Amino acid sequence: MRWGCRPSGSRPTDLDGHVVIVTGASRGIGRGIAHHLGSLGAHVVITGRKPDRLRVAAGELDELGIDHLAVAGDVADRASNDEVVAATVDRFGRVDGVVANAQSFRPVTSLEDVSEADMDLLFDTGPKGTLWLMQAALPHFVAAGRGRIVTMGTSLGITGAAGYGPYAASNEAIRSLTRTAAKEWGRHGVTVNCVLPASVAHRLPPSGSDPERDAAYAAMCADHPLGRGGDAEHDIAPVIAFLLSDASGYVTGQTLMADGGGTMRS
């Protein structure tokens, strides 16, 4: 059966039995995505550069009863992306979707102080790493007649933000690759979309014991339309699950803002 066709009785939003690779899934947004997709019945392949963090993430999936494979890898290394996809196919027999979530980050730096190393790191782990993963998965999507690619970006690339030049620029490059891949690969049954999340709750939660952190979180929420940061598993991941499902079959080349309307503050 070609994977573009749903089994009789299934719903277009079902992910039961789908095999999905999530990069950078040992913590943060990637961790929440893996948990949510697994709760929907997907077989989840998680990647990360640090084996200790990856072991912890895999242990959490074990406790939740989620079928998974953990593969250590560096998205900036083209061969590593090939190995992740090969390991996925070896374990599950196929790959149905990828979520290119991983990207390294640099401290906030003004443009006049940005170094070549800063730019290289953000572009190697951002648009280049995303492209290597997409290329590695593409032959399997073409053979199946169906594939789902979800890339991750940031609204800072659209609005601009002081101190985030390399990060914002690299993420706009990811959005450009997303649109190009959507145009080139659509006839193969492959859809490619980008999600711009705003998930700060895991990075800046109100602690009750750190007044400065609590004040920063309160200031962020003060003029936010929904008045809170996004939760990776319950706010961001469902949008990605939709884009991985058959329900999104006529959605491609798009940017979805999963930010609770936060961009409207700009």
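Entry 1, second largest cavity. I looked up the second largest cavity in this predicted model and found about 50 Å³ of space in it. I listed its lining as Thr23, Thr47, Gly73, Asp74, Val75, Ser80, Asn81, Val84 and Leu133. By class I get five polar residues, three nonpolar and one charged. Helix α3 (residues 78-92) supplies the largest share of this lining, three residues.

I ran through the whole structure and noted three cavities of 30 Å³ or more. Which residues line the largest cavity? I wrote down Phe105, Arg106, Pro107, Thr109, Asp118, Leu122, Gly163, Tyr164, Pro166 and Tyr167. Two elements, α4 (116-144) and α6 (165-185), each give two or more residues to that lining. I sorted the lining of the largest cavity into six nonpolar, two polar and two charged residues.

I then turned to the largest nonpolar core, which has 28 residues. Ile33, Leu37, Ile46, Val99 and Ile240 have the most contacts inside it. I noted the elements that contribute two or more residues: strands β1 (19-22), β2 (43-48) and β5 (147-152), with helices α1 (28-39), α2 (51-63) and α8 (232-244). The largest share, seven residues, comes from α8.

What does Leu37 touch, leaving out residues up to four places away in sequence? I found Leu15, Val20, Val22, Ala42, Val44, Ala241 and Leu244.

I recorded a second, separate core of 23 residues, with Val19, Val45, Met134 and Trp185 among them.

Key:
Residues are numbered from 1 along each chain as its sequence is written. This is a predicted model: local features need pLDDT of at least 70, side-chain atom pairs count only at pLDDT 80 or more; totals for chains, interfaces and linings use all residues. Side-chain values use heavy atoms; hydrogens and water are left out. A nonpolar core is a set of buried Ala, Val, Leu, Ile, Met, Phe, Trp, Tyr and Cys residues joined through side-chain atoms within 4.5 Å. Buried means under 20% relative accessible area, exposed over 50%, partly exposed in between (1.4 Å probe, protein chains only). Helices (H or I, at least four residues) and strands (E, at least two) are DSSP runs, numbered from the N terminus. Contact means heavy atoms within 4.5 Å. On a 1 Å grid over the protein atoms alone, a cavity is a set of points where a 1.4 Å probe fits but cannot get out, and a pocket is an open set with protein on both sides within 12 Å along at least five of seven lines; lining residues have an atom within 4 Å of a point. Grid points are joined across faces, edges and corners, and a volume is the space filled by probe spheres set on the points. Ala, Val, Leu, Ile, Met, Phe, Trp, Tyr, Cys and Pro count as nonpolar, Asp, Glu, Lys and Arg as charged, and the others, Gly among them, as polar.
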